[in-house]
Amino acid sequence: MSSLPPAPAAAPDEPPRPRSLSDLFFSFTWLALQGFGGVLAVVQRELVEKKRWMTREEFVEEWAVAQIMPGPNVVNLSLMIGSRYFGLRGALAALAGMLALPLVVVLALGLVYAQFAGNEQVAGALRGMGAVAAGLIAATGIKLTAALKKHPLGLPACVGLGAATFAGIALLRWPLAWVLLGVGGAACVLTWRRLGAK
Amino acid sequence: MTATLSAADWASFFLHYLVLSLLSIGGAITTAPDMHRYLVDEQHWLSDAQFTASVAIAQAAPGPNVLFVALLGWNVGLNAGGLGMAALGLSLAMVGILLPSATLTYLAANWGHRNRELRAVRAFKQGMAPVVIALLVATGWILATGSRYDPVDWPLWLLAGLTALIVWRTRIHLLWLLGAGALAGALGWV
């Protein structure tokens, strides 16, 4: 860590960024600990809306890669964001932040689980939190649609591709890989052609 | 329950997770059925109840859902004898499920970043945008409705819909919403 140059004070015209490896580690720890039923909604809220480390458009682009690669999506996303700022060490710091403390919490919950597994109130609370988590992830998607305004294919085509994806996954319950290959592949080819025509 | 694992068994356990890591497109949870087949049905290292509880605990806990893999490894180790084995099981499972996919993602992301001006890279990242955004909404839909559309669940659907509306239109802290959901559930409203 000592080889890092001291972080310059953020100038007003400079985009905000993590100050250090420990800033990355603790930021991701805090994100992960807030993420009941999924961390992505919290990552979007904190990193795009509050800390402004990335724009909505950048977030969607990184998320596309994190989603298409094998592995847990938010884990992929965290190591990609970490590596963007501090290379391999940043990737490891973000990854460790995302996993270390939550791992301890999960093990502790595992130890007390047997005592509460049959408790009706606990089961009810988990059900309620599950419904809220579902709303959080859907709202994250709705908010990110704003990133499509400048899309090369134009908004109507994006709405069509999005509707096809939603129908395939949510209504018809097709396997994810088919939808990514089919709709995603078509979307990439169309975008490729449009980018070339310009 | 108890299980006996030789060094060769642990090696096969680790190898199994290394392979699953490369297959886990869409998240580690997509490979959970195969983990169940391997750990419970085939090797009998874990009971069905332990498997289900591990997934449920990791879903309820904060943090990435992949931590259910850590609990599975921990419980296999506990069955094999004690905390030392549990720590071994946890480490092998987590390193196994993460190392291949994380390495691949790291290399691919860096390659993509270095070549971000290439037409193919831009077409992929921008082309996938509407698809991955719609996927998020679809995921929320699936989480809210579960595997069945049972009208008795309408309070859950309402709660999920209201949450989505509030998060979309306001800047309220997400933990307040989770707390409210937990309270509504504990009081038996949903």
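**View 1. Buried residues of helix α5 in chain B.** In this predicted model, helix α5(B), residues 119-127, holds the buried residues B:A123, B:F124, B:K125, B:Q126 and B:G127. Buried here stands for 20 or more other C-beta atoms within 10 Å of a residue's own, with C-beta atoms placed from the backbone. The cover over these residues includes α3 (56-68) and α7 (176-197) of chain A, along with α6 (129-145) of chain B. Helices are DSSP runs (H or I, at least four residues), numbered from the N terminus.

**View 2. Packing of α3(A) against α6(B).** The two axes lie 9 Å apart, at an angle of about 75 degrees. That makes α3(A) roughly perpendicular (65 to 115 degrees) to α6(B). From α3(A), A:V60, A:W63, A:A64 and A:Q67 meet B:A129, B:V132 and B:I133 of α6(B); contact means C-beta atoms, placed from the backbone, within 7 Å. Six of these residues are nonpolar, one is polar and none is charged. Nonpolar covers Ala, Val, Leu, Ile, Met, Phe, Trp, Tyr, Cys and Pro, charged covers Asp, Glu, Lys and Arg, and the others, Gly among them, are polar.

**View 3. Where chain A meets chain B.** Chain A brings 85 residues to the contact and chain B brings 78. On the side of chain A, α5(A) gives the largest share, 22 residues. That side divides into 58 nonpolar, 23 polar and four charged residues.

**Numbering and confidence.** Residues count from 1 along each chain as its sequence is written, while chains are lettered from A and ligands numbered from 1 in the order written. Local features need pLDDT of at least 70 and side-chain atom pairs 80 or more, whereas totals for chains, interfaces and linings use all residues.

Methods
Buried ≥ 20, exposed ≤ 12 C-beta atoms within 10 Å, placed from the backbone. Helix = DSSP H or I, 4+ residues; strand = E, 2+ residues; numbered from the N terminus. Contact = placed C-beta atoms within 7 Å. Axes fitted to C-alpha atoms, helices over the stretch in contact; angles between N-to-C directions. Parallel < 35°, antiparallel > 145°, perpendicular 65-115°, else oblique.
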